[in-house]
Amino acid sequence: MICYDISDKFPAPQEGRNYFVAIGLEGSANKLGVGIMLQQLPTKHTPVPRAQVLCNIRDTYITPPGEGFLPRDTARHHRNWVVRLIKRSLEESVLPAKMSGEVENRPIRVNDIDCICFTQGPGMGAPLQSVVLAARAISLMWKKPLVGVNHCIGHIEMGREITGALNPVVLYVSGGNTQVIAYSHQRYRIFGETLDIAVGNCLDRFARTLKIPNYPSPGYNIEQLAKNGKNFVELPYTVKGMDLSMSGILAYVDNLANEIFNEKSNSKLKYTTTGQKITPEDLCYSLQETIFAMLVEITERAMAHVNTNQVLIVGGVGCNERLQEMMKTMVVDRQGEIFATDESFCIDNGIMIAQAGLLSYREGITTNIKSSVCTQRFRTDEVFIKWRTN
Amino acid sequence: MAENIIKQAHAYTANIPLALISQGAEALVFTSPVHPYLPSPPTCAPDYILKYRPPKPYRHPVLDAQLTKHRTLSEARLLHKLALLDIPAPRVIHVNPKHGLLWMNNVAGPHGFSVKQWVWDIELATAPNSALRESVMKANMLQIGALIAKLHLNDIVHGDLTTSNIMIRPKMAAADASVPVPPHNILNPNLEPVLIDFGLGSHSALAEDKAVDIYVLERAVESTHPVNSETYKTWLLDGYVQEYERGGKGGKIRIKEVLRKLDEVRQRGRKRSMVG
Amino acid sequence: MASLPYTLKLVIPFETSHHADIALQTLSPDPELKPDQLARAITISESSPSELVVEFLAVSDRVLRVGVNSMMDNLGLVAECLDELDIANFN
């Protein structure tokens, strides 16, 4: 159980300022991100101010082709880089003169920061812990409160902020998560989700089977190969109501890949019905077409259920242009709107943690250092969304 | 978008008048007074239902064709199985899997409606907690529970149980449909439930799947009929349990397992906890 | 509780008692993953307030080694934070 300290007093910005600043630390998987976000108070002139990204830097732990990232090594990577990234983020962040009221822009100082936000979960245990140690240390050193953030909520709130989508159905797809979410009564409720592995995980593992490089990311490389696919190979399609399952497709396509690359094998599976030899590009293409169709279907179901026609895609797999294209086709057909962010926000990052954390902080929510233990499982609907009204 | 799809449905059903009654994520549902292939309908026939699964342009055409065919056929097969088991549900009249067309009889008929509508109407017409309301609703809710139990006892799960997917209609005056049905009175206690929309249905012997079926219905009742949902849920579950227990010792063992799983599913709070 | 016969005591000197206290608060909240195999206690030394004391009790020497290595990695991170991220450097 995640515990928060909730004060009934809402914090005020420091020293009569009209803005808040938060630093956010993210490390739930192989991306280590640090971001600094500025949120202005509403004024008569700007009743709904847009948040300002002062800095958003990231270092990704990339493994050789054919290998996935293991918790222990990922944790080591984060430990090695987190202090450097925090330093760099402070050095690179500029506080605009417009905000500070000073004569010119100047670098951010520790005293400008209101709170230290960190990913409390869900994610991999050891990497999460590496990052929270740094968060606790600077919280104590700089005497700023901690705010634990749910990783999924970070993606959602960053997506809403960047795109301006008011109340969309959210498709959150990444290496670790696959959920269809809609907001209702101060919770982000999960409508549909994967029954086994996440979409990104399925793509990453297939990339390993094909020994595709992991730089910049395995999913990106599958997307490029898919563009050259010509033959559609039928794969199992496993939508179950509002949920989907991916382990069956992965097993099937892994097996198919092995048959195709095994030169000794004379399997009929190697060929299409028209006698052409199936290529890795064809497999990538077919895999994407199938699993993305599944994602679009469960999103459409959720839209019909909740009676909304806006869709927001967040999470690393949301960068995939084919997925965006397919979703757009469905949404436009329903006379709706689709929203997506670019890779600086789609892929795990620190700024989204700062954003969601600052929203919590302004509602009086902080995390006591004794309650700052990370957790691998942290459901999106466990978080009370105090900053939205119904 | 809808206009093009409706045009397509008309193209497949040349000269048959169609009236759109619902547009879901996956299919459009029409009624028609004309039978798809009989030259003249039986006397006093109700109208017919056409469920049309249109192509989805975002999907690869090979995948799309395969899904349309498979789902239409799967639903038709399930409905056929229900007919063999004598479980009240639409009967298949005609299937065209390639084009995603499924013709069924209209089980609601002119005097039937969804349980959702029925509950709303009764809540308006009767006083809360009155003996009158209970006398009209309780027995029918028990029957609905029993009908779902019958389905589950035959290892079939509905997949999308909401009060919009359960119809309720007056009991037929006689087996012979030529005898006119008496005028409808909202407080008619002699009703019978019929299940519709088996698009997400499947065969399953797992207690967990049956528990999820019930859980989905519970959540639907809570969100559509929040004021008295506890009472309705109790009546529905009672009817369900009683039907299982009528099946002797085997039934008693199986219901224990389903109820146990239901408890687990409720604790876990499956994703369907935000209907509405 | 099963006996944990393999023990080790680390004494880490910090520059100031403030630093030692920061290390204590940073490292304490996380519980041991397998408390029946490895128990750990972090305290400030009674004799010197700028010294951190970490005591381990483990069920085997392998478990002890893994636990101690992990703690050393974490201590390294805390030390780096204290060195590089002092508030004075960024004001």
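**Ground rules**

I took the structure as a predicted model, in which local features need pLDDT of at least 70 and side-chain atom pairs count only at pLDDT 80 or more, while totals for chains, interfaces and linings use all residues. Residues are numbered from 1 along each chain as its sequence is written, chains are lettered from A and ligands numbered from 1 in the order in which they are written, and side-chain values use heavy atoms, with hydrogens and water left out.

**Entry: who touches whom**

I began with contacts, meaning heavy atoms within 4.5 Å. Two pairs of chains are in contact, and chains A and C share the most contacts. Chain B and chain C have no contact, and their closest C-alpha atoms lie 25 Å apart.

**Entry: chain C against chain A**

I looked up the two sides here and found 20 residues of chain C in contact with 26 residues of chain A. Together these chains bury about 2,200 Å², with 66% of it on carbon and sulfur atoms. Buried area is the accessible area (1.4 Å probe) that two parts lose on being put together, summed over both. On the chain C side, C:L77, C:L85 and C:F90 lose the most area to chain A, together 28% of what that side buries.

Next I checked salt bridges, each a side-chain nitrogen of Lys or Arg within 4 Å of a carboxyl oxygen of Asp or Glu. The rule finds three across the interface of chain C and chain A. I noted the salt bridge of C:D30 with A:R136, where the closest N and O atoms are 2.9 Å apart.

Polar contacts came next: a pair of N or O atoms within 3.5 Å, where within protein one must be able to donate a hydrogen and the other to accept it, and residues adjacent in sequence count only if both atoms are side-chain atoms. I found six residue pairs in polar contact across the interface of chain C and chain A, both residues at pLDDT 80 or more.

For the elements, helices (H or I, at least four residues) and strands (E, at least two) are DSSP runs, numbered from the N terminus. Both α1 (17-27) and α2 (61-84) of chain C supply at least two residues each of the side that touches chain A. The most comes from α2(C), with seven residues. That side of chain C divides into ten nonpolar, five polar and five charged residues. Here Ala, Val, Leu, Ile, Met, Phe, Trp, Tyr, Cys and Pro count as nonpolar, Asp, Glu, Lys and Arg as charged, and the others, Gly among them, as polar.

I also jotted down that chain C has two helices and three strands, running β-α-β-β-α from the N terminus on.

**Entry: chain B against chain A**

This contact takes 22 residues from chain B and 32 residues from chain A. I read a buried area of about 2,400 Å² between the two chains, 59% of it on carbon and sulfur atoms. The rule finds four salt bridges across this interface of chain B and chain A. I picked out B:K56 and A:E300, whose side chains meet in a salt bridge (3.2 Å, N to O). The side of chain B that touches chain A has ten nonpolar, five polar and seven charged residues.

B:R53 sits in the loop between β3 (48-52) and α2 (61-84) of chain B, and B:E75 in helix α2 of chain B, 22 residues apart.

**Entry: a sheet in chain A**

I traced an open sheet of five strands in the order β11-β10-β9-β14-β15 (chain A), with mixed pairing; two strands pair if DSSP finds at least two bridges between them. β11 (187-193) and β15 (337-340) of chain A stand at the edges with a single partner strand each, so one side of each is left without a neighbour in the sheet. The twist averages 25° from one strand to the next. Axes are lines fitted to C-alpha atoms, for helices over the stretch in contact, and angles run from 0 to 180 degrees between N-to-C directions.

Strand β10 (residues 178-184) of chain A pairs with β11(A) in the antiparallel sense over six bridges. A:Y183 has A:Y188 in β11(A) as its bridge partner. Helix α9 (residues 321-333) of chain A packs on the sheet, touching β9 (169-173), β14 (310-314) and β15 of chain A, and its direction makes about 160° with that of β15(A).
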